[in-house]
Amino acid sequence: MDMKPVLAILPPKLRESTEGLRTGALEELRLRAGRPPTAVLDGKECILPGCAEAVTSRMLEEIVSAATNRSCYSAEASLREGYVTLPGGHRIGVTGKAVTENGQVKTLRYITSLNIRVAHEVKGC
């Protein structure tokens with residue numbers, strides 16, 4: 001699994017903590033405003049080692065900005081669906097306040113959490 005696209009969008013502290021995890025065991029990174037960042041490893045959620053400080057709204061916005069190559073507008077269609085895709089098949093689930101128009105989601109504002117799903121091979125399916 002190529003983690004480079006995921007690592008490239010993370011702030012330095014999160015990147016360092018994530019690089020130390022066992023390759024292949026990481027399934028998801030869960031980043032929720034006001035809570036410490038967590039990782040799902042082999043189906044179990046744990047706080048990222050060395051990263052007990054709470055995730056900030058600003059941090060979430062910066063990650064989404066990096067994931068969209070600093071152009072959230074160009075990724076607005078997928079953001080309306082609640083995700084952004086990274087190279088290699090990694091996906092970022094995005095939650096926040098939906099701005100609607102005529103009953104349709106127009107965009108997301110005030111991002112509150114990100115769930116970065118790491119692409120991996122599932123043998124035997």
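Reader: Which residue takes a positive phi in the hairpin of E2 and E3?

Author: Bear in mind that this is a predicted model. Strands E2 and E3 run antiparallel and are joined by four bridges, and Leu 41 has Lys 44 as its bridge partner in E3. That hairpin has two residues between the strands, and the one with a positive phi, near 50°, is Asp 42.

Reader: And in the hairpin of E1 and E2, which residue takes a positive phi?

Author: Here too the strands run antiparallel, with four bridges joining E1 (residues 26-32) to E2. Arg 30 stands opposite Thr 38 in E2. Five residues lie between the strands of this hairpin, and the one with a positive phi, near 85°, is Gly 34.

Reader: Which residues of strand E2 are buried on one side and on the other?

Author: In a regular strand, side chains alternate between the two faces of the sheet. Strand E2 covers residues 38-41, and both of its faces are covered. The buried residues are Thr 38 and Val 40 on one side, and on the other Ala 39 and Leu 41.

Reader: What about Ser 113: is it buried or exposed?

Author: Ser 113 sits in strand E6, residues 104-117. It touches several residues beyond its sequence neighbours, among them Leu 31, Leu 60 and Val 94. Because buried means under 20% relative accessible area and Ser 113 comes in at 16%, Ser 113 counts as buried.

Reader: Which side chain does the side chain of Ser 113 make a polar contact with?

Author: Start from the residues that Ser 113 touches, which include Gly 93, Val 94 and Thr 95. The side-chain to side-chain polar contact, at 2.4 Å, is with Thr 95.

Reader: How many Å apart in space are Ser 113 and Ala 33?

Author: Along the sequence, these two are 80 residues apart. Go C-alpha to C-alpha, though, and Ser 113 and Ala 33 are separated by 6.0 Å.

Reader: Where is Ser 17, and what is its relative accessibility?

Author: Ser 17 has its place in helix H2, residues 12-19. Not counting residues up to four places away in sequence, Ser 17 touches Leu 48, Pro 49, Gly 50 and Cys 51. It counts as buried, with a relative accessibility of 8%.

Reader: Stepping back, what pattern does the protein chain follow along the sequence?

Author: The chain has four helices and six strands. Of its 125 residues, 38% count as buried. Read along the sequence, the pattern is α-α-β-β-β-α-α-β-β-β.

Notes: Residues numbered from 1 in each chain as written. Predicted model: local features only at pLDDT ≥ 70, side-chain atom pairs only at ≥ 80, totals over all residues. Heavy atoms only, no water. Buried < 20%, exposed > 50% of the residue type's maximum accessible area, 1.4 Å probe, protein only. Contact = heavy atoms within 4.5 Å. Polar contact = N/O pair within 3.5 Å; in protein donor to acceptor, adjacent residues only side chain to side chain. Pairing = 2+ DSSP bridges.
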